[in-house]
Every structure is written in C-alpha cells, then in structure tokens.
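Here is a note for a colleague who is meeting this structure for the first time. Please keep the model open while reading the numbered points below.

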Amino acid sequence: MTDLPARYPGQTQLGLVIDLDLCVGCHACATACKEWNTGGHMAPLPDFNAYGDGAWGVWFNRIHSFEEGEGDGARTVHFPKSCLHCEDAACVTVCPTGASYKRAEDGIVLVNESLCIGCKLCSWACPYGAREFDADEGVMKKCTLCIDRIYNANLAPEERQPACVFVCPTKARFFGDLGDPNSAVSELVAARGGKDLMPELGYRPTNKYLPPRRARPYVDDLAPQPLTALLAEAQSAADVANPLLRWVDRLLSR
Amino acid sequence: MKLRERWRDYWSPREQVDTSPRVSDEVKYTTCYMCACRCGIKVHLKDGGIRFIEGNPRHPVNRGVICGKGASGIMQHYSPARLSKPLLRVGERGAGEFREIEWDEAIATAVDWLSTIRTEDPRKLAFFTGRDQSQSLTGFWATQFGTPNFAAHGGFCSVNMAAAGMYTLGGSFWEFGEPDWERTKLFLMFGVAEDHDSNPIKLALSGLRRRGAKFISINPVRTGYSAIADEWIGIRPGTDGLFVLSLVHELLRADKVDLDYLGRYTNAAWLVIQAPGSADDGLFARNEAGEPLVLDSAGGLTSGLEPGGKARVVGEAQLPDGRRAVPVFQLIAERYLDPRYAPEAVAPVCGIPAETIRRVAGEIAATAFGQEIEIPVAWTDWAGRQHSSMWGRPVSFHAMRGISAHSNGFQTCRALHLLQILLGTIDVPGGWRYKSPYPKPAPPGPKPAGKPGQVAPGTPLAGAPLGYVMSPEDLIVDGEGRPQRIDKAFSWEAPIAAHGLMHMLIRNAANRDPYPIDTLFMYMANMAWNSAMNTTETMRLLTDKDPATGEYKIPRIIYSDAFYSETVAYADLILPDTTYLERWDCISLLDRPIGGTDGPGDSIRQPIVAPDRDVRPFQDVLIELGARLGLPAFVTPDGAPRYPGGYKDYIALHERSPGIGPLAGWRGAEGDAQGKGAPNPKQLDRYIANGCFWKYELPPEQLYFKHANKAYLEGATAMGLIPAPEPIVLQLYVEPLQRFRLAAQGHGPVQPPEKDRARIATYFDPLPFWYAPFEETRTDPGGFPLHAITQRPMQMYHSWHSQNAWLRQILGQNRLFMNRVTARALGLADDDWVFVSSHAGRIEAQLKLMDGVNPNTVWTWNAIGKRAGAWNLAADSPEFTKGFLLNHLIGETLPGRDGDTALNADPITGQAAWYDLRVRIEKAPAAEAGHSAPHFAAFGHPRSMAPPPDIVRYGARLGRDEQQDAAE
C-alpha cells in the first residue's frame with residue numbers, strides 16, 4: 001500500500017556486508033547497536049520484564065548461533081542478523097499508512113513513528129524477522145543503518161559508520177554502497193562470493209553475507225610435509241638404534 | 001498548517017530525519033572495567049547522563065573496538081542492583097537483613113575491628129581481593145598492616161599458566177606475552193574457554209584469517225574462537241599435555257629442533273648431576289662461582305655463562321668428584337623419545353587420531369623449518385655481538401584456562417613452553433613475544449614474606465606476601481613444616497602458589513586451619529556463589545557457628561562490592577563501592593599493566609560521573625583505613641593522613657622505591673621522565689590529556705630477542721622494569737622444582753611432612769610430564785564417566801558482576817551442552833532435564849545437544865545461575881529457576897584414598913582444578929523436571945534497594961529531546 005521509490009541503475013543502496021568467516025558470535029555488534037540506538041533516532045529501545053522472567057526488548061541486531069555440516073566438515077556458525085534494507089521491501093509495500101518507507105536517496109528502510117499505527121503488518125511481511133515492535137509506545141521500530149551516525153557532521157569522518165560496524169572486534173562487518181559495483185563493499189562481495197539471505201523469496205536484500213570459508217587444512221604456502229618423510233631423511237639406521245647419536249657431535253654456542 | 005500540506009505529509013512516506021543530531025556534550029576517556037582486559041574507552045555524556053560508550057581508537061589494547069560486555073556498560077552503571085549505603089548485618093548471615101549506616105560508623109567499625117587485630121596478631125586479618133586491578137595498592141596495604149594473608153583471584157584463575165611461564169620463560173601467556181600476531185604463520189590455541197583476552201584476541205584472530213595464516217584450535221568445545229579456526233581438534237579435557245609432548249616426540253625424532261637457539265638462549269647445555277640418592281642429584285653442576293657448567297668440545301668443563309663457548313648437547317661429563325653429569329638436552333631427548341609419547345600411544349588417551357598428531361607435528365616442522373622470517377633490523381645481543389637481522393620461526397601458541405584449570409596444568413603449560421623453546425620461537429619474529437614489563441628473570445623475585453619472625457604485632461610485614469619461591473627454605477611454614485598462611489599458600493600443600501589460594505580461604509578460615517582468624521576482608525569476588533568451589537558447602541561454612549560459644553567460626557566478615565551480589569548477604573559490614581565510571585584507578589606497572597610486545601604502558605580510570613548514591617571507591621576507603629590504623633606508609637611522620645585526597649593522591653604521589661611509583665608516564669617535576677622519576681603532582685592531568693594511558697614505543701632494534709637484547713635489557717633496567725641488564729636464560733629444566741623433590745627424598749634441612757612427601761617427589765619434576773587429572777584417578781570412572789567443564793560467554797566474560805538488563809536477554813538461562821551421539825547412547829533428548837552428579841553432590845540442569853563437543857565432555861556457561869534474592873532480580877528470574885552452577889559439584893578436596901584427602905588442585909601451585917570435574921548424567925523424572933536444582937530460599941535485601949523497573953526505557957529522553965530540538 002506504500003510505494004517503493006523508483007529504481008534506476010547505479011542508485012545508491014547503503015547496506016552491510018557481514019563476513020561469516022570472521023564472526024565469533026561475541027554480540028558486540030548487538031549491544032553496541034542497542035546502546036547507540038536506544039538514545040538515537042528511534043529512541044528508546046525498551047526492555048520489558050528487564051529484571052525478571054521473560055525479559056525481552058527491542059534489538060535491531062541479533063546474533064544466531066548454529067551448527068551445520070557433519071563430521072570433519074561440520075562447523076559452528078555465528079550469524080548476525082538485522083534489517084537487510086531490501087530492494088523489494090515487502091515491509092514497505094504492505095504498510096497501510098505510509099509509515100514504513102524506503103529512502104530514495106540511499107535505500108535505507110525506515111519507519112516514520114508518527115504515522116505508524118502499530119498494526120504489525122510489516123513484521124508479518126518481513127521474512128527475516130527484522131522488525132521490532134515497541135509494545136510500550138505501540139509502534140514498530142527497526143534498524144536505521146544508524147542514519148543518525150553515517151551522515152552525522154558531529155562525528156569524525158571515520159566514525160560515520162553504523163555502530164555495529166564501528167565496534168566489531170573481528171572486523172567482520174562492512175558498510176558501504178552496494179548499489180555501486182565499484183565500491184569496496186561490492187568488490188568484497190564479488191571476491192568472496194557474497195550471498196543474499198534466502199534469495200528465493202525475491203525481496204532482493206541489500207545486505208550481503210560472505211560465506212564461511214571451508215575448513216582449510218593448509219594455507220597455500222604451507223604444503224603439508226608429513227613428518228614420516230622428514231624422519232626418513234633425518235634418521236640413519238644408527239639413529240633408530242640410538243637417536244641420541246645424531247647429536248653427539250653437535251656443539252652449542254652461547 | 002494548511003490542510004493540503006497535511007494531506008501530502010500523510011501520503012508521502014517522507015519524514016524529516018535529523019541525520020546530524022548532537023552526539024554528546026562532552027567526551028571523557030577512561031579504562032573499561034567490564035572485564036579484566038583494560039580496554040580504553042570514550043564515554044559520551046549528554047544532558048548529564050551517559051549517551052554511549054565506545055572504544056578509544058588510539059588505545060593500544062583495543063584500538064577502538066569494544067566487546068559485547070563493554071558496550072553494555074550503561075546497564076551496569078545504572079543497575080538497580082547497585083548498593084547505595086554502607087550496611088551492617090542485623091539478621092543471621094545469609095538472611096540479607098541489614099541496618100543502613102553512615103560512613104562514619106562504617107569506617108569506625110572497621111577501624112575498631114582491625115586495630116585490635118593489628119595490635120594483637122596481624123595474621124588474624126585475611127584480606128583477599130578478587131578481580132582487583134589495584135593489587136599494587138591492596139598488596140602494599142596488607143604488607144603495611146602486617147598480615148601475610150593476602151591474595152587476589154589468581155589461585156582460582158590461572159596461576160598454573162603464570163607460574164609455569166615465570167619459572168620457564170620469565171613471562172607467560174596472556175598478560176605477559178602473546179603471539180607475534182602480525183607475522184606468525186601457524187598459530188595453535190589451547191584451551192581458551194572464550195576467555196583471556198577479549199578484544200585483543202578477536203582483533204588478532206581476524207588478522208590471522210585475513211592474512212591466510214593457519215589457526216588450529218585445540219579445545220573440547222567448538223564455539224566462539226574455535227568456530228573460525230581452520231582446524232578444530234576436540235581434545236579430551238586434561239590431556240593437552242600429553243598431546244603436546246607427543247608433538248615434542250615427533251619433532252625430536254625428526255631432528256626438527258632449533259639447536260642453535262637452544263645454545264644461545266636456554267639452559268639446554270647445562271650439565272645436570274646424575275647421582276641418585278645424593279643431596280644434589282638433579283641439580284646443575286656448578287663451578288666455585290656458582291655458575292652452571294657445560295661440557296666443552298674437548299671434554300672439559302667450562303662455565304655455561306661464557307659467551308661464545310662451545311658446549312656439547314649430548315655427552316657424558318665426569319665432574320671433579322668423579323660423578324656423572326649430562327646436558328639438559330640429553331635428558332629431554334631421552335625422555336620424550338620414549339615410545340610412550342608416540343602418537344599411537346597417546347591417541348586413545350587424548351581422543352585424537354595418531355594421524356592428526358603426526359600431521360600437526362609435520363605442519364609445525366614445515367612452518368618452523370621452512371618458512372623462516374627475517375627482518376632487516378640490526379641488533380646487538382647481551383654479549384655485545386652484532387646481528388645484521390632478526391630471524392625467527394613463525395609458529396606460535398597461546399593457552400589459557402582450559403590448560404590452567406586442571407591438576408596437571410602447571411606441567412602441561414611447562415610442556416607447551418618446552419615445545420615453544422625447542423622450536424626456537426620465544427621472542428622471535430613470527431613466534432611468541434614478551435609483553436612489557438616482561439621478560440624478567442625466570443623466575444622473577446622477590447620471595448614471599450610471612451614466615452615466623454616476619455610477622456609481628458603492630459609492624460609491617462618484612463616483604464610482600466606474594467612472590468616466587470626458589471627452594472624449600474623459602475616456604476611460608478614453621479619449623480614443623482606447618483602452613484603459616486590461612487590459605488596455606490607457599491606451604492608443602494601448594495609450594496609455588498604465586499597468586500595465593502583464594503578458593504581455600506573460607507574453608508580454612510571456618511575450620512580454623514591452620515589457625516583461627518578474626519576478620520575476613522574481601523573485595524570484588526563473589527565467594528559465596530560463582531567464585532567458590534563447592535558453593536553449597538561454602539555457604540554453610542560462612543554461617544557455621546561454634547557450638548560452644550554460639551559465635552560464627554569466621555567471626556567477622558567485611559566485604560566491599562558495588563552490587564548486591566550473593567556474597568553481600570553473608571557479610572557483617574558492607575562497604576559499598578562505586579561503579580567503574582565513578583572512580584580513580586591505575587593499571588600499574590607494579591601490578592598488571594597494559595604493556596604490549598612493542599613497549600611498556602599503563603593507564604588510569606578517572607571519574608566520568610559523580611556517584612548519585614552514598615558510596616565510596618574502595619581504594620579511597622582502604623587508604624583512609626590505612627591512615628586511621630596508623631599504617632606507616634599511609635601517615636605522615638606526625639601521624640596525619642599521607643594521602644588526604646584518597647587514591648587520586650596515592651596514584652600520583654606514592655613512591656614504592658625512589659623514583660618508582662604507581663604510574664610510569666610523565667614522572668619528574670616537569671613530567672618529562674618515563675619509568676623512573678620524582679612524583680609529578682600534575683601526572684594525572686597528563687594521563688587524561690592523553691586519553692588516560694601512557695605508552696612507550698620501543699625502537700625497532702629492541703622489539704625481539706628481548707631476553708638477550710643488549711639495548712632492550714639496558715633500557716628496561718633504566719626504566720626500572722628489571723633489576724639488571726643481564727640476559728634471561730630460558731629454563732627448559734627448572735632447577736627449583738628439583739630442590740623441592742630432593743627435600744621430599746629426605747635431603748636438606750627443610751623437610752616436608754610425611755603426608756606430603758610422595759606428592760612432592762612425584763610432581764616436582766624439573767622436566768614436564770603428563771599425568772591424569774586427579775579427579776579422574778580418584779573417582780570411579782564407571783560411576784562418573786564424563787568430563788564437565790565451563791566457558792564464559794564472550795558477552796559476559798568475567799563474572800564478578802554479571803547482572804545486566806541487556807546481557808541477561810542474550811543469556812538468562814544456561815544449558816548443559818552434550819554431544820548428540822553421547823545423548824543417544826544415554827537415551828537423552830534435547831531439552832531434557834537431567835541430574836548431574838559428581839563425587840561432591842548433585843544438581844539439576846536442562847540439556848542442549850550439539851555436535852561440536854568432545855563426546856566424553858559436557859559443558860555449560862559459567863556464572864549464569866544466581867541465588868534467589870541477589871542482584872535485585874525478581875523471584876521468577878530464569879537465573880534462579882532454570883540457570884545453574886556447576887560449582888556445587890566441584891569439591892575443594894577429592895575423595896580420600898587410604899583415608900587421606902587430596903586438594904582438588906594442582907600439586908605444585910595449588911591452582912583450583914575446576915576442569916577436572918567428572919560427572920554422571922541421568923534423566924530427571926517428569927515430576928522433577930522444569931527447574932534447576934539446588935534451589936535456595938531467597939534472602940532479603942537492603943531497604944534502600946528500590947524494586948527494579950518492569951520496563952527500561954534507557955535513552956528515551958536523550959533521543960526524544962533531540963527529535964524535539966530538531967522539530968523546533
């Protein structure tokens with residue numbers, strides 16, 4: 001019911017690239033997001049039953065940890081998830097009031113709280129579970145891509161990044177213009193085979209995930225040298241009988 | 001407004017977004033204290049409150065990043081569990097009934113109790129300080145008071161790691177050394193339970209993966225850091241030492257050891273006397289000057305300290321008295337070439353295929369002896385010889401609690417250091433590097449004080465209560481060999497207890513063993529709950545009364561904490577501390593500073609906001625107590641307080657020795673001295689202006705080979721970091737251990753009690769060896785077939801204050817994780833409630849099945865379960881109803897064998913063997929499912945502690961003001 005902005009080639013589309021090869025699941029991005037945004041554009045991000053049973057709150061960024069694969073190929077994956085700022089954002093088109101909208105100039109999906117009637121249609125429409133309902137104020141909230149940081153003239157230029165990117169201790173998160181094929185983030189996605197989350201659903205998410213590299217038994221310049229071969233080289237028959245003999249003539253110099 | 005415009009507003013999705021809101025009114029720098037990592041932070045203040053906390057990009061520890069816990073600091077600072085007034089217990093201990101008192105009364109009460117003790121017998125004060133980062137003050141205060149009964153949390157954390165490193169390298173993993181993260185090509189990480197350290201290790205692992213260096217994680221559990229390793233080796237807990245020695249076996253067999261390095265920097269060629277039964281068997285053969293001897297190329301004996309001398313690596317030497325001696329390296333080769341260390345032999349014990357062990361050894365060899373790194377930086381060694389470049393083998397190691405918290409942890413860590421040294425990877429490019437102020441002599445001094453004769457009424461202790469013993473003569477025991485400290489550190493039960501044994505404190509104090517104490521004074525350690533072994537029993541001991549008198553067996557307990565933790569309810573007098581954003585602190589070179597591999601550094605905390613409660617920084621209170629008690633260093637000659645401004649004054653003005661004080665930066669009247677210099681009254685201003693830290697960058701020629709680098713050793717001496725510019729010889733063979741063993745064999749004037757003799761003789765081996773963890777051998781393997789261990793979740797790393805409105809949403813109930821295959825065999829399913837039993841007790845927990853865990857192992861997140869009534873949480877909180885502690889199952893002692901009991905600890909250091917735990921798992925009947933056990937009755941809380949809010953709307957005002965401003 002709400003229109004998406006017109007699309008054209010090269011349109012700016014800001015978003016995140018998340019490297020699952022580096023994420024250790026430390027939750028720094030989640031709590032830094034919470035910390036920035038609870039006093040930011042969509043303030044507050046309330047917490048309910050904060051000191052009792054059933055504590056839950058509004059979080060724009062959550063980490064899911066799971067295992068995949070079997071045997072030697074099995075691994076543990078830490079998967080941070082926030083709004084993916086889809087090109088075909090169903091959360092926007094479903095909105096009956098125009099509260100949910102996608103910005104033409106940078107592709108960020110936002111909610112205009114003053115228009116939101118809390119009907120939750122957007123959270124039903126979002127296949128990624130990225131919408132967060134503030135039951136205290138009765139409005140929907142969501143990741144703003146830190147719109148109050150990325151353009152903020154009161155911050156140093158290097159700090160004009162989403163909080164989750166700025167803090168990440170393993171540098172597993174990147175921010176940039178995914179609409180520009182020559183941007184650093186687009187090149188990273190191309191180089192590492194970045195993936196859409198659930199592309200089959202057709203929402204064309206902007207955020208990309210870099211898949212965990214397969215367990216690498218060896219780095220390229222470290223071709224394995226089985227020690228058995230080294231042994232054959234090192235040991236004469238006498239060595240096998242008394243391995244100490246091979247060091248008998250060795251002198252150490254201090 | 002015209003209707004037409006309103007209509008357009010409604011149908012247009014656009015809103016006015018203020019993309020440049022005012023961020024903060026003021027930014028203040030300080031040091032984080034959400035865990036022990038000491039990251040630099042920037043705190044943004046807005047409208048009188050804290051807007052947000054971020055990492056300081058210039059800070060050497062975290063370089064701008066912040067962790068999940070650090071970014072939740074706001075919720076810690078504003079926690080409803082904060083204490084707000086001094087408390088005096090009025091009900092029974094553990095009931096949580098208090099009278100709120102004024103500070104005057106609190107201080108007067110403490111002074112009254114403590115002055116009597118000091119006048120009569122200072123040992124009757126036991127002062128233990130948990131995760132205290134002010135140990136250079138608290139330890140000094142204890143010394144001034146005159147009690148030997150001081151320590152912090154190291155004994156239950158990682159003293160095995162620290163001691164093994166100090167006696168071997170004069171440095172250690174984590175705080176005193178780290179891999180050469182920028183250059184290493186193969187990195188092996190052992191037993192990091194998502195712990196030490198936080199941001200630096202995250203930054204480093206990320207860098208390793210980007211560079212394509214290989215990262216192998218050896219850990220029973222595949223979470224966190226292990227999840228991004230190239231290879232995960234799911235070893236059986238407590239067998240890492242055997243795995244490492246098997247790697248040593250393979251490398252020796254293939255002659256892949258760096259003999260040149262061993263000759264230059266280690267005691268590999270020193271001769272060891274081989275004379276079983278004699279009083280100096282196993283000690284180094286020495287000349288009249290006391291210098292160790294080596295066997296020269298002509299078969300003669302020469303000093304091993306001579307530069308350039310040639311020494312045999314194997315060979316038989318005949319000493320002047322006709323006895324035999326052989327080089328250390330020969331003992332190493334003979335021991336580890338033994339087939340019992342062959343991959344096939346150790347594979348079934350470690351749960352690692354022999355082929356994997358052999359392959360890892362091959363990768364280590366291929367990297368160390370085929371991928372060498374050379375840096376074109378000239379340097380001069382200790383003997384004045386010039387070297388045109390710095391050259392290293394790029395294999396590195398890191399290890400932490402998974403190695404340390406076992407009863408074989410000291411020797412396992414020694415095994416790791418042996419492997420590092422044999423590869424020639426200590427303080428070389430690509431290897432493992434010392435962090436300033438290390439290296440220090442191995443081991444560093446001084447020796448601990450507290451022997452009979454060193455303790456006297458009204459008198460300071462003769463030296464610091466913690467230190468490094470070199471021989472039985474240094475033990476803190478009496479003429480009969482009885483312990484003289486309440487925790488029995490430096491006794492025959494725990495001779496190399498370099499960090500003390502805080503985990504034995506409450507048990508010993510309640511048992512009046514070795515003697516009764518009067519006052520237990522603790523800070524910042526939750527000893528009535530998650531920091532205690534055998535928590536149920538610990539709570540009983542804290543409330544145990546003497547039937548004859550009706551008095552508590554531990555007569556008085558003073559505790560300082562910022563929060564209403566479980567331990568507060570068990571204390572008699574509570575001194576409420578501030579949060580970390582309301583205080584001065586110093587992260588001192590006299591304690592555990594923020595030095596890096598590239599040079600020394602230290603840092604401070606400054607008050608960011610003023611307390612809004614009637615609380616005081618603990619260190620201020622301690623200094624005031626020191627002055628009121630008349631402790632010599634805390635009063636002027638005429639008896640007035642020496643530091644009237646509290647800790648702030650002390651940090652800037654105190655001198656431990658001439659020119660050496662708590663902070664090393666900006667010393668001297670003009671602030672232009674580093675390391676040594678007169679106190680500078682403006683020193684703290686300089687720190688604040690620099691973001692609250694000081695860092696000295698070593699020049700390139702001092703960055704490696706610090707243990708033998710002339711320029712480094714001279715510079716470190718000038719700065720006061722080491723006593724003299726002498727080379728530090730790496731101790732493959734640790735002679736002090738042999739001195740203890742000789743005593744146990746009946747030699748020497750200081751003899752162990754009979755009950756300790758066999759243990760000392762067995763475990764004080766001067767070369768590392770592996771033995772099964774004690775609990776495994778002292779309990780029925782059929783009855784308790786599984787290992788049980790814990791990890792700290794990264795977002796809650798370090799547990800002294802873990803109630804946080806945001807973090808508890810991420811993890812409010814811990815589960816018991818079990819391998820799916822194991823569960824199937826036991827007939828257990830995901831989410832089942834199970835009984836977990838050990839020799840010490842039984843708990844109930846809820847299962848979670850996974851694949852990435854050793855099949856013989858179950859594990860959980862530590863310190864999530866809490867005691868009802870504590871932390872100002874509602875009674876239905878999952879921390880109480882479903883969370884659990886493994887601690888109830890972990891005894892301080894193990895079941896007896898032939899009537900005796902053994903400490904559940906490392907026999908060398910006394911380190912708590914948390915991870916030795918063995919358990920049995922059974923499904924709980926349906927009637928008992930759905931809740932954790934044991935469950936203790938809720939205790940009360942101070943009247944001033946307001947009920948916590950149902951809804952937290954933190955930041956509402958900050959954000960809304962901004963939006964209104966923008967709209968206006």
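1. Chain B contains 27 helices and 38 strands, where helices (H or I, at least four residues) and strands (E, at least two) are DSSP runs, numbered from the N terminus. The model is a predicted one, in which local features need pLDDT of at least 70 and side-chain atom pairs count only at pLDDT 80 or more, while totals for chains, interfaces and linings use all residues. Residues are numbered from 1 along each chain as its sequence is written, and chains are lettered from A and ligands numbered from 1 in the order in which they are written.

2. On overall form, the C-alpha atoms of chain B fill a box of roughly 105 × 80 × 75 Å along the principal axes.

3. Of the 968 residues of chain B, 64% are buried, a word used when 20 or more other C-beta atoms, placed from the backbone, lie within 10 Å of the residue's own. Among contacts in chain B with a separation of 6 or more, 69% join residues 24 or more positions apart, a contact being two residues whose C-beta atoms, placed from the backbone, lie within 7 Å.

4. One open sheet in chain B has 3 strands in the order 12-17-16, with antiparallel pairing, and strands count as paired if DSSP finds at least two bridges between them. Its edges are strand 12 (271-274) and strand 16 (317-318) of chain B, each of which pairs on one side only. Strand 16 and strand 17 (residues 324-327) of chain B are joined by 2 bridges, and Ala317(B) has Ala325(B) as its bridge partner.

5. Helix 10 (residues 328-336) of chain B lies across strand 12 and strand 17 of chain B, at about 75° to strand 17; axes are lines fitted to C-alpha atoms, for helices over the stretch in contact, and angles run from 0 to 180 degrees between N-to-C directions.

6. Where the chains meet, the contact takes 77 residues from chain A and 107 residues from chain B. Helix 1 of chain A gives the largest share of the chain A side, 7 residues. Strand 12 of chain A also pairs with strand 15 (residues 310-312) of chain B, in the antiparallel sense over 3 bridges, and Ser253(A) stands opposite Lys310(B).

Technical notes
Buried ≥ 20, exposed ≤ 12 C-beta atoms within 10 Å, placed from the backbone.
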